[in-house]
Amino acid sequence: MVQLLVKESKDWIQIASSLGQELTETAVERDIKAGIPDLEIQRLRESGLLALIVPKAYNGVGATWIEALKIVQQLSQADGSIGQLYGNHLNLVALGHVSGTPEQKDRYYQETAQKNLFWANAINTRDTRLKISPEGENFRVNGVKSFGTGIASADFRVFSAVQDGVEYPLLFVIPKDRSGVVSNQDWDNIGQRRTDSDTFTFHDVLVKKDEVLGYPHPPDNAFSTFLGIIAQLTKTYVYLGISQGAFTAAKEYTQTISKPWITSGVESATKDPYILHHYGELWTELQAAILLANQATVKVQQAWEKDVDLTAEERGEVAIAVFSAKAFASKTGLNITNRIFEVMGTRSTATRYGFDRYWRDLRTFTLHDPIDYKFKDIGNWVLNQEFPLVTQYS
């Protein structure tokens, strides 16, 4: 049934919307429970959305990033955790294409589509506790890696590890059943609670040479690092989705439950002049953030289509567009998810509504990398015409 859905259905936004409605019904309960999102990942499998970004040549859907990120936004409106997990999955599916060998590109696209596989990662290159060492033609990995977002539910798991004498971390992909990888089950944060972003401990884990991306000769071009830019934009659409979810929930509450202030002179909260003013501001800010992100997505898709012909200058220009969208979406989203209580009233803080989860999710996820450095990079480009340094976060 899933394979038939992948081949025939074209209304992926509607599919994501239906799944989002289902997730919304249990969002508060699942947020309180936290834990491993096995149920949500299974519903993603059944929806046919896992092969969305896989090219049609590999029996995937062949969606553009413009189309795919709208799906991320749609799912994030219902549940920021699942939006993040799905967005990460889309990025990782394309990892072999961008940073791998031609054989790895073919293999990972084909297997993802044919077997309906889910991807997750603990790349986090700032955490250098995971060590990889050569063993004959293959490798062994030992140590600890943090922020293993969705790893427990993933079929393909992507990690980064440090090798002595090698300047840059190595990325590798291993299957779920690879022995020696243990979850410490220590994800207990205020937000994005269903991402299950645990720390993992490795005990003499085998990594085959063809599981190390780009080994032994990683690609050396601007496109090979472009997934870092796409990942930044993917996070932007998670932020936008969470913000939209908060705005929509607040709007419904105001229209059905909120009361006007006693000196407002009106009988309905929807006529209260200050509530109207707040909604006008928040809606305008949200539309501006969406427009800025959509403009950046067009640039990302155009760059993606250039593949290995993408130049460093073109990559830098896209980075500035994405950084602008991400920084603005962060500030706008935090403002919206905080101020919705001003337009709903005291009763809206009741635990049963769970409206605080929007702020908690956004506050947690926007700390992934500091927007101060995004604004600094934008300013450096404006004044000095210098593009951002290439890192995992840029």
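**Figure 1. Helix α4 and the glycine that follows it.** In this predicted model, helix α4 is followed by Gly48, a residue with a positive phi near 85 degrees. The helix itself spans residues 38–47, and its buried residues are Glu40, Ile41, Leu44, Arg45 and Ser47. Viewed down the axis of α4, these buried residues fall within an arc of 165 degrees, so they line one face of the helix.

**Figure 2. An open sheet of three strands.** The strands are arranged in the order β1-β4-β5, and their pairing is mixed. In general, the strands of a sheet pair through backbone hydrogen bonds, in either a parallel or an antiparallel manner. The edges of the sheet shown here are formed by β1 (119–122) and β5 (170–175), each of which pairs on one side only. On average, and with direction ignored, neighbouring strands of this sheet are turned by 25 degrees against each other.

**Figure 3. The pairing of β1 with β4, and the helix across them.** Strand β4 comprises residues 156–161 and pairs with β1 in the parallel sense, over four bridges. Asn121 has Val158, in β4, as its bridge partner. Helix α6 (residues 80–93) lies across both β1 and β4, and runs at about 90 degrees to β1.

Figure 4. The structure holds 17 aromatic pairs. In the pair of Phe247 and Tyr279, the ring centres are 5.6 Å apart and the planes stand at 80 degrees; the pair is therefore edge-to-face, a class that requires an angle over 60 degrees.

Figure 5. Tyr353 is partly exposed, its relative accessible area being 22%, whereas Phe355 is buried, with a value of 8%. A further view shows Trp65, Phe223, Phe226 and Trp304, which form one aromatic cluster.

**Figure 6. Charged side chains over aromatic rings.** Arg357 places its charged end over the ring of Tyr358, at 4.4 Å from the ring centre. Lys374 has its charged end over the ring of Phe323, and here the distance to the ring centre is 4.8 Å.

**Figure 7. Asn221, in the loop that leads from β7 to α9.** Asn221 is located in the loop between β7 (198–207) and α9. Its relative accessibility is 26%, so Asn221 counts as partly exposed. Gln73 is 148 residues from Asn221 along the chain, and the C-alpha atoms of the two residues are separated by 30 Å.

**Figure 8. Thr256 in helix α9.** Thr256 is found in helix α9. This threonine counts as exposed because its relative accessibility is 58%, and exposure requires a value over 50%. Between Thr256 and Lys235 there is a distance of 32 Å from C-alpha to C-alpha, the two residues being 21 residues apart in sequence.

Note on methods:
Residues numbered from 1 in each chain as written. Predicted model: local features only at pLDDT ≥ 70, side-chain atom pairs only at ≥ 80, totals over all residues. Heavy atoms only, no water. Phe/Tyr/Trp six-rings, centres within 6.5 Å; stacked < 30°, edge-to-face > 60°. Buried < 20%, exposed > 50% of the residue type's maximum accessible area, 1.4 Å probe, protein only. Lys NZ or Arg CZ within 6 Å of the ring centre and 35° of its normal. Pairing = 2+ DSSP bridges. Helix = DSSP H or I, 4+ residues; strand = E, 2+ residues; numbered from the N terminus. Axes fitted to C-alpha atoms, helices over the stretch in contact; angles between N-to-C directions. Contact = heavy atoms within 4.5 Å. Arc of directions from axis to C-beta.
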